[in-house]
Amino acid sequence: MRVPVLVEHAPSPSAPASPARRASPPSASGPRIAAVRCALPPHRYAQHELTGPIGDLCLSPGADRALLHRVHASAGVGTRHLALPIERYARLGDFGRSNDAWLETGLELGEEALSGALREAGLAPADVDLLVFASITGVAAPSLDARLAGRMGLRPDVKRIPLFGLGCVAGAAGLARVHDHLRGHPDDTAVLLTVELCSLTLQRGDSSRANLVAGALFGDGAAALVARGGNTDGGSSVGGSSVGGGGSSSSSSSSSSTVAPAAGPRVVATRSHLYPGTERLLGWEIGAAGFRVVIDAGVPDIVRGHFGRHLRAFLAEHELTVDDIGTWICHPGGPRILSAVSETLGLSEDALDCSRRSLAAVGNMSSVSVLHILEGIRARRAPEPGTWGLLLAMGPGFCSELVLLRW
């Protein structure tokens, strides 16, 4: 394929030169990640158990299955969780039924992830001031987060930001937008909730390479991340009496336990980047059958050619280099993407092991994946205090998102 030539936008000759971007100094009281919790459907399959059924869904009887077997064998996936038992997918029929399944299962997994994250953080639903919700595998109005608000007991005045269209980058971008809010509202508690049921978007009767790759790579799940503003570190009443965001006295009296200072990393800075001329590399083609995946083989070349330069420039603004990053939380887009990131940054062989372990255990869960990786890091052993981490992802646009963390 022909890889797009990227042209960086420059100011016109008549425009005054823009001042160099200055990094804000890291704040000792910036937003901190208090909890991360994932929820996975109960239907778990080994990769080899799915190859045949997915071939039956996507290929015509008697079709050559050599490509199918190659992409399943090379995907780097050992096991995956699916929203439904595999035998039910042939009976979904149309986009309406698939979307109904997304809503039903998404509500269950979303509630499980959100309630688990709040419990881990020592908080109640009424403490949440902002709920950012991301999904690209289904649509609903009212959105899934609105339906969960009443179901879980969030305050009627909770601020909500439902996101659609960011795809795999939404886990990182959603955390970045949570950071933006908490920088301006340091008394608040914010939640990022992501729900991705990728298996429900698999196109039946579509033998294209992109659909076969998607059928080999993607898994289903949900994740919730709780972050707290810098003014909350000293502990607060769970009911919300000492956190801002407009909580009423009635909601404040709903709980009386005390929150211990969060032990997770702080979010220091974020950076978004769009790559011009790459809009057709990744995303959906939306038609009567629903979401038909677009995955261009040129994505790793964009990563090798441009991503490393932008990442290094971002770190340099904070007087850091790639060598200063001790923890890498990279979205596992697939083995070729992980290899491209590692090569362009000159990382050690084991730097992205957390991403590879996540890919092997649950597949690529789109926006959920970086939160799944972060949960695994927190569960095993937190990095040493004062060390740096970088959470990064790429998605439709084509775009990237970087989130600088410090433990």
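Visitor: Which residues lie nearest the centre of the largest cavity?
Guide: Phe 95, Ser 98, Leu 200, Thr 201 and Phe 291 lie nearest its centre, out of 14 residues that line the largest cavity. Keep in mind that this is a predicted model, where local features need pLDDT of at least 70, side-chain atom pairs count only at pLDDT 80 or more, and totals for chains, interfaces and linings use all residues. Residues are numbered from 1 along each chain as its sequence is written, and side-chain values use heavy atoms, with hydrogens and water left out.

Visitor: What counts as a cavity or a pocket here?
Guide: On a 1 Å grid over the protein atoms alone, a cavity is a set of points where a 1.4 Å probe fits but cannot get out; a pocket is an open set with protein on both sides within 12 Å along at least five of seven lines, and lining residues have an atom within 4 Å of a point.

Visitor: What volume does the largest cavity have?
Guide: About 80 Å³, a volume being the space filled by probe spheres set on the grid points, which are joined across faces, edges and corners.

Visitor: And which helix gives the most to its lining?
Guide: That is H3, with three residues. Helix H3 (95–121) and strand S10 (290–295) each supply at least two; helices (H or I, at least four residues) and strands (E, at least two) are DSSP runs numbered from the N terminus.

Visitor: Where is H3 kinked?
Guide: The kink is centred on Gly 106 and is about 25°, taken as the angle between axes fitted to the seven residues ending there and the seven starting there.

Visitor: What happens at the start of H3?
Guide: A side-chain oxygen of Asp 94 comes within 3.3 Å of the backbone nitrogen of Gly 96. Just after H3, Gly 122 has a positive phi of about 75°.

Visitor: Switching topic, how much space lies in the second largest pocket?
Guide: About 420 Å³. Its lining has 20 residues, and the closest to the centre are Gly 326, Thr 327, Trp 328, Ala 351 and Cys 354.

Visitor: Which element supplies the largest share of that lining?
Guide: S11 does, with four residues.

Visitor: How many cavities of 30 Å³ or more are there?
Guide: Two. The second largest cavity holds about 30 Å³ of space, and its lining includes Arg 271, His 273, Tyr 275 and His 310.

Note on methods: Polar contact = N/O pair within 3.5 Å; in protein donor to acceptor, adjacent residues only side chain to side chain.
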